[in-house]
Amino acid sequence: MRQIVLDTETTGIDPKDGHRLIEIGAVEVVNRRLTGNNYHQYINPERDIDPEAVEVHGITNERVADEPVFADIADAFWEYIRGAELVIHNAAFDVGFIDHEFGLLHDKRGGPRLGPVADYCSVLDTLAMARKLHPGQRNNLDALCKRYGIDNGRRVLHGALLDAEILSDVYLTMTGGQTALSLAGIEERAGDEGQDANSVSGIRRVSREGLSLAVMRPSEAEEAAHRAKLDSIRQAAGQCHWDALNDASQGSA
């Protein structure tokens, strides 16, 4: 299953008032594993950014003045998200802006229409999910990070790619899984190009012949900390992916 965890930054609150996208950040997740095939793009909105919006994300008119306009990046962005499940916090906001941009693009250049998003992608709103799991509590991204023990120390201001990366950790933890970087995408690209996966990724394999690898066992304190962390995940999310993995390993033993 291919999922795209996505976030945007904009010139203001409502596209109906003429506000535009200025940044898109997205993280690819395939079968619950981060692939590293991410998307990040600043955009010249062809209008001024509201001062109130600058206070939130820190992106100024000068920062995006020399960036491409949406029309220049629309096709590549569409190919990246098309057919995936989009995982977005407060999805109506981001999808509304994306569809607005695609609509403006169609009015400008005609031809085949890109979007609307919901016709080509499924959309999962993590804000709605969090409200069901934690009714009556704060469920913004910062609150969820605190609740699930996720480090968001780099998040002084909003930024689309950083927020997408943090949301991917929140989503995978909230749904009972752990995050990991997968080399599956590298191996697939290598196969398509007739190359060795090591040459594509830049990994140099070292022969293990004649080597004896030391096995490090956790201390009692580390074991206790591990159990406590799993308990906190179970209490917050209702399940823990580690349990399924542990049951599977015991069943095959």
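In this predicted model, helix α6 passes helix α8 in a left-handed crossing. Helix α6 covers residues 126-133 and helix α8 covers residues 160-174. Their axes lie 12 Å apart, and the two helices pack at an angle of about 40 degrees. Angles under 35 degrees would count as roughly parallel and those from 65 to 115 as roughly perpendicular, so α6 and α8 are oblique to each other.

Which residues in α6 and α8 meet? The table shows them helix by helix.

| Helix | Residues in the contact |
|---|---|
| α6 | Thr126, Met129, Ala130 and Leu133 |
| α8 | Leu167, Tyr171 and Met174 |

Sorted by class, the contact of α6 with α8 has six nonpolar residues, one polar residue and no charged residues.

Now let's turn to the aromatic rings. How many aromatic pairs does a search of the whole structure find? The search finds seven. One of the pairs joins Phe77 and Phe102, with the ring centres 6.4 Å apart and 25 degrees between the planes. This pair is stacked, because planes under 30 degrees apart count that way.

Phe77 sits in helix α3 (residues 70-81), while Phe102 belongs to helix α4 (residues 91-109). The pair therefore ties together parts that are 25 residues apart in sequence. Are Phe77 and Phe102 buried or exposed? Both are buried.

Phe77 and Phe102 also belong to a cluster linked by ring pairs.

Methods: Residues numbered from 1 in each chain as written. Predicted model: local features only at pLDDT ≥ 70, side-chain atom pairs only at ≥ 80, totals over all residues. Heavy atoms only, no water. Axes fitted to C-alpha atoms, helices over the stretch in contact; angles between N-to-C directions. Helix = DSSP H or I, 4+ residues; strand = E, 2+ residues; numbered from the N terminus. Parallel < 35°, antiparallel > 145°, perpendicular 65-115°, else oblique. Left-handed = near helix turned anticlockwise from the far one by under 90°. Contact = heavy atoms within 4.5 Å. Nonpolar A, V, L, I, M, F, W, Y, C, P; charged D, E, K, R; others polar. Phe/Tyr/Trp six-rings, centres within 6.5 Å; stacked < 30°, edge-to-face > 60°. Buried < 20%, exposed > 50% of the residue type's maximum accessible area, 1.4 Å probe, protein only.
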